[in-house]
Amino acid sequence: MRVSVALLFLLLAAYATRAAVGADTLPTAKDLRDRALAAAGPAPPDYRETVIGTGSLGDTKAVTYRSGDDVRRTFDRGGYHTESGTYHGERWRQDANGLTLVVADDPGNAVKDPITTTVARVTQPLDAYVISELNARGAGMRTYYDPTTFRAVREERVNATGTVVTTYDEFGQFGTRTLPVRWTVSSKSSSIEMHYQRTESVANAATNDDVQEAPTRRSLVEFPTGVTGVDLPLRIVNNVIYVRVNIGQHGADFVLDTGASGIAIDSQYAKSIGLTLTDATTEVVAGRFTSYDVLVPEMLIGPLRMHDIAINGISMEAFGSAGVKPVGLLGFDFLAQLGVTLDYVHGKVHVVPAAAFTPPAGPPAYEFDVRLGNGVPMVTVSVAGAVAERVMFDTGWSGQVAFFDYFTRRYPGAFRNYLGQVGGHGVGGEFLGDFYRFHDVTLGPVRFEDVIGMRIAPSSSYLYAADGVIGNQLLALFTISLDYTGGRIYLTPTK
């Protein structure tokens, strides 16, 4: 009898242990990802696949080529064509105007943004395991895995604009792999509803030629025959450079803005002069706004000419000062193939073709490497020992320095000498911030003392992964030489 009772207790204990394991033990994030890879099947070292889309962004076609570690992706929507990839370890991208640039990594000396990874079993919005990879503001990615097949069936990308949801609706066989055939990408806040279909995924269908870095397709800015240097028509007001631009018979002021990743135009002004706005999406910079694709047949800047230019339609309602009302931004796409000298003292901006650019000769010019992967020159700035590697070199920012939430949540100790609250404006509207005094701010070998800078409030403004900006109140202390093709900026002190 004693033996039977003991055996019964052992059986009950074993059952309870198994039940507890089944109910409480969760797979790790690595376990889930490994099972998802196994469910899909091994990826061939070389392949080509095509995905087509329809919906709120129009008709799209994306083609991916992979050969070993080299990848090239092409994307077509309407008349716009972009590319990106990695070739021999170098990342690159090509924008809608056919300009190719290298995407360089950060030096890696800054404190990283902490990402918290958790795994949970949920029943809503569906029965699944979910891996959440989020920062302190709740931005990041949630991936849902079917508890039976372990396929990824839903993704939620949370960013400043809102949440973009991808729902995988159907899976199918492509050779030895089981991959999504149809899926939906939607976002209420961004007014996106797109439906995608993978039409092919073919092994051994990519060659080395298919994955090579795409060369720049054209010279966007055309100089008159025999002319190798031009002074832009402009005026400088409160350190902001306003360039006169003609679109057809319409002349207006554009800000020469190194902080702009392309060329932009006020959407209302664009409509008023007969330009067509397409593919509306919602974005967040200083505030929430609607962005459009705009194709401009011709733009003239003095004797310089650009034709068939892809630009962005944005809201510039908040821009302007001292009686000047700009209607656009001249950023990366205008500057990319030029050598540019900004002379604040004499009120001049001189441009030459990139091949004719000559750096300032010797001291006292300071030379800086810049990273242009997103079309905006990024430099490294140190504030009281806090390293910021993603600081925008921004001629369009009216101020000395400003720091976004990405910087302030990692270096709260950099903000000690509070001076008061302030409001500002940028693309998308107005935002709130606080003024602080910094004993020193260093940019390479240049050290600024007693700097007044802004900490932008951690709200819905400027939530992307950039540390901040160094603005034109400090940059105007120098003659600036830009050599985007060489990845260099030169600062020659004027005082």
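Okay, ground rules. It's a predicted model, where local features need pLDDT of at least 70, side-chain atom pairs count only at pLDDT 80 or more, and totals for chains, interfaces and linings use all residues. Residues are numbered from 1 along each chain as its sequence is written, and side-chain values use heavy atoms, with hydrogens and water left out.

How far can we trust it? pLDDT is the predictor's confidence in each residue, from 0 to 100. The protein's mean pLDDT is 90, with 92% of residues at 70 or more. Where pLDDT is low, the predicted coordinates should not be read in detail.

Now the strands. Those are DSSP runs of E, at least two residues, numbered from the N terminus, and two of them pair if DSSP finds at least two bridges between them. Look at E13, residues 192-203. Strand E1 (residues 46-55) runs antiparallel to E13, joined by 9 bridges; Glu49, for example, has Ser201 in E13 as its bridge partner. E12 (residues 177-187) is also antiparallel to E13, with 6 bridges, and there Thr184 partners His195. E12 and E13 form a hairpin with 4 residues between them, and Ser191 in the turn has a positive phi of about 55°.

Next, an open sheet of 6 strands: the order is E14-E24-E23-E33-E34-E25, with antiparallel pairing. E14 (230-231) and E25 (366-369) are the edges, each pairing on one side only. Inside that sheet, 6 bridges join E23 (residues 338-343) to E24 (residues 348-353), and Leu342 finds its bridge partner in Val349.

Most residues other than glycine have a negative phi, and most peptide bonds are trans. Gln124 and Pro125, though, are joined by a cis peptide bond, omega about 5°, and Pro125 sits in the loop between E7 (116-122) and E8 (128-134).

Then there's Asn239, in the loop between E15 (234-237) and E16 (240-247), with a positive phi of about 70°. Ala384 has a positive phi too, near 50°, in the loop between E26 (378-383) and E27 (386-393).

So which is Ala384, buried or exposed? On relative accessible area, buried is under 20%, exposed over 50%, partly exposed in between (1.4 Å probe, protein chains only). Ala384 comes out exposed at 60%, while Asn239 is partly exposed at 26%.
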